[in-house]
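Trainee: I would like to learn how to read a model like this one. Could we go through it feature by feature?

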Amino acid sequence: MNESCHRFKLPHGRELQAHVDVFNVTNHANFNNPVSANGTADRRDTATFLIVRSILNGGPTRTAQFNVKYSF
């Protein structure tokens with residue numbers, strides 16, 4: 001997660017904060033552990049060794065979240 005925060009001072013001791021959170025900023029896929037063709041754990045067969053067949057949790061893409069906080 002990458003996070004950025006900016007603070008703005010307002011009159012009478014008040015403050016405004018703006019946050020931006022970015023998840024999966026590099027868009028890197030997290031792969032499941034390799035499995036054999038019949039769905040069992042990989043037994044180090046040469047035909048299936050380290051063949052990635054699926055992405056963990058469906059492979060979330062980049063996500064951004066914007067927040068504003070007003071303090072008085």
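Mentor: Start with the secondary structure of this predicted model. The protein chain has three strands and zero helices, and its elements run β-β-β from the N terminus on.

Trainee: How much of the protein chain is buried?

Mentor: Burial is judged by relative accessible area, with under 20% counting as buried. Of the 72 residues in the protein chain, 10% are buried. The chain exposes about 6000 Å², and carbon and sulfur atoms supply 55% of that area.

Trainee: Is glutamine 17 buried or exposed?

Mentor: Glutamine 17 is buried, because its relative accessible area is 8%. This residue lies in strand E2, which covers residues 14-23.

Trainee: Which residues is glutamine 17 in contact with, leaving aside neighbours within four places in sequence?

Mentor: Those contacts are Cys5, His6, Arg7, Asn67, Val68 and Lys69. For the protein chain as a whole, take contacts with a separation of 6 or more: residues 24 or more positions apart account for 49% of them.

Trainee: How many salt bridges does a search of the whole structure find?

Mentor: Side chains of opposite charge can pair when their charged atoms come close. Here the search finds one salt bridge. It joins glutamate 15 and lysine 9, with the closest N and O atoms 3.3 Å apart.

Trainee: Which partner counts as buried, and which as exposed?

Mentor: Glutamate 15 counts as buried at 14% relative accessibility, whereas lysine 9 counts as exposed at 71%.

Methods. Residues are numbered from 1 along each chain as its sequence is written. This is a predicted model: local features need pLDDT of at least 70, side-chain atom pairs count only at pLDDT 80 or more; totals for chains, interfaces and linings use all residues. Side-chain values use heavy atoms; hydrogens and water are left out. Helices (H or I, at least four residues) and strands (E, at least two) are DSSP runs, numbered from the N terminus. Buried means under 20% relative accessible area, exposed over 50%, partly exposed in between (1.4 Å probe, protein chains only). Contact means heavy atoms within 4.5 Å. Accessible areas come from the Shrake-Rupley method with a 1.4 Å probe; for residues, only the protein chains shown count as cover. A salt bridge is a side-chain nitrogen of Lys or Arg within 4 Å of a carboxyl oxygen of Asp or Glu.
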